[in-house]
Amino acid sequence: MNKIVLALLILLSVSFTACSQNRSVATPQEQPTQNKQVTVPQKENNLPGKTKLSPEGITMQVLSTAEDLVDFSEFINQNQEQQPADIIWTLENDIDLTGIEWIPIGVAHWEEETGMSDWKDKGFSGVFDGQNHRIIGLELLGKEVYTTGFFGKLCGTATIKNLHVQGDVIGENNVGGLVGMAGGGYEESQTIIENCSFTGTVNAISDSVGGLIGCTGERTQVIRCYADAQVTGGTSVGGLIGTANNESSISDSYCRGVVNAQLPEKNELKMGIKHQAKWGTYLPDEIQLSMIGGFAGGTFNADINRCYSDVIVNAYAPARMLGAFIGYYSGRDNSCYYNAEKNANWKIGYAYSGTDSSFTAKPLNNEQFKLKDSFAGFDFDTVWAMDNQNGTPVLINSNNT
């Protein structure tokens with residue numbers, strides 16, 4: 001009997017050992033299950049911030065601190081021609097940049113030997129989603145750079161959305177609070193700036209200066225954006241955009257604040273930087289200020305829809321092509337408005353006489369600006385609402401604080 005029990009125990013032991021070995025060895029059919037897992041870039045890839053996967057499986061690089069933002073700017077500027085594809089850069093928190101010497105993201109420099117810039121081959125070309133967070137305390141002095149803003153230049157199919165920046169920006173050409181130059185340099189470029197804003201001051205020595213964007217390029221789209229800023233420059237100066245070029249489209253956007261047209265030497269003295277442009281100088285009696293507007297300085301074959309300007313326009317020297325809404329206008333507008341009472345000395349602007357252009361923006365006084373019925377064409381159900389503080393229209397779901 002004891003021999004029979006012992007034999008049974010030996011057989012059970014051998015069987016258990018075989019099963020354990022079979023479970024520990026993956027068969028060829030089991031391996032593909034592990035291989036289907038998504039490989040996520042880790043910190044050793046030198047990507048700033050931390051990596052997460054969206055529910056749709058999209059790789060997101062999450063920036064949550066001022067240090068992350070600085071690292072992000074350095075990373076993009078060092079890899080402008082080889083930026084990682086299929087990554088969305090996102091903000092996780094509001095961020096304070098006070099005391100940080102900011103370098104624009106996608107910066108383009110002057111080349112001293114040629115007097116030209118390398119801007120055509122530079123710029124941020126990815127997707128940046130601020131998730132409606134605010135960046136405050138931006139202090140930017142753009143010396144010897146061609147494009148100045150929180151983002152210096154956007155290129156390719158770049159998209160900036162849900163981002164709100166507050167601060168003070170100083171530069172030479174192509175200067176904006178959020179973006180210095182959006183698009184340009186790429187035939188197939190189509191940059192998008194959506195649900196973004198800038199509040200603060202924007203100062204430039206020369207041309208293409210805007211509260212939000214200095215200059216737009218090919219087929220740039222600006223959607224549901226605003227600027228509340230004091231903007232100062234010499235040529236192509238506007239409350240929202242300095243120069244809108246090449247089939248740019250601006251819709252459901254607005255600007256508030258002040259636009260100042262000032263001589264370059266005055267701005268140089270005030271800003272402590274010297275203009276680097278090499279294309280000549282003006283004669284003493286020549287008019288240097290031109291294309292100054294409350295909404296935009298100059299537009300060239302642009303479309304503007306459901307926008308307004310509530311801006312005071314000042315000229316501190318003789319100027320040409322100065323307007324309460326747009327300084328020089330080529331393109332089409334629809335359901336646009338401007339505060340005429342704040343600009344009683346200025347006409348709407350100067351329109352290109354071509355048959356493809358229409359310039360129909362309507363003047364309103366201060367009281368009319370507080371009436372919803374004054375803004376025919378505006379969608380007050382899903383896009384616009386009346387501001388409880390000053391009574392003028394603001395954008396729904398935008399950071400208007």
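**Strand pairing, a buried aspartate and the cysteines**

Strand S17 (residues 235-238) and strand S21 (residues 289-293) pair up in the parallel sense over 3 bridges; strands here are DSSP runs of E, at least two residues long, numbered from the N terminus, and two strands pair if DSSP finds at least two bridges between them. This is a predicted model, with local features needing pLDDT of at least 70 and side-chain atom pairs counted only at pLDDT 80 or more, while totals for chains, interfaces and linings use all residues. Residues are numbered from 1 along each chain as its sequence is written, and side-chain values use heavy atoms, with hydrogens and water left out.

Within that pairing, Val-237 has Ile-292 of S21 as its bridge partner.

Asp-129 is buried but has no salt bridge, and Lys-161, the nearest side chain of opposite charge, is 4.3 Å away. Buried means under 20% relative accessible area (1.4 Å probe, protein chains only), and a salt bridge puts a side-chain nitrogen of Lys or Arg within 4 Å of a carboxyl oxygen of Asp or Glu. Contacts of Asp-129 (heavy atoms within 4.5 Å) include Trp-89, Leu-91 and Lys-161.

As for the cysteines, the structure holds 0 disulfides, meaning pairs of cysteine sulfur atoms within 2.5 Å. Cys-336 is in none, with the nearest cysteine sulfur, that of Cys-307, 4.9 Å away. Cys-336 is buried at a relative accessible area of 2%, and Cys-155 is buried at 3%.

Definitions and conventions:
Buried means under 20% relative accessible area, exposed over 50%, partly exposed in between (1.4 Å probe, protein chains only). Lys and Arg count as positive and Asp and Glu as negative; His and the chain ends are not counted. Helices (H or I, at least four residues) and strands (E, at least two) are DSSP runs, numbered from the N terminus. Lists of a residue's contacts leave out its neighbours within four places in sequence.
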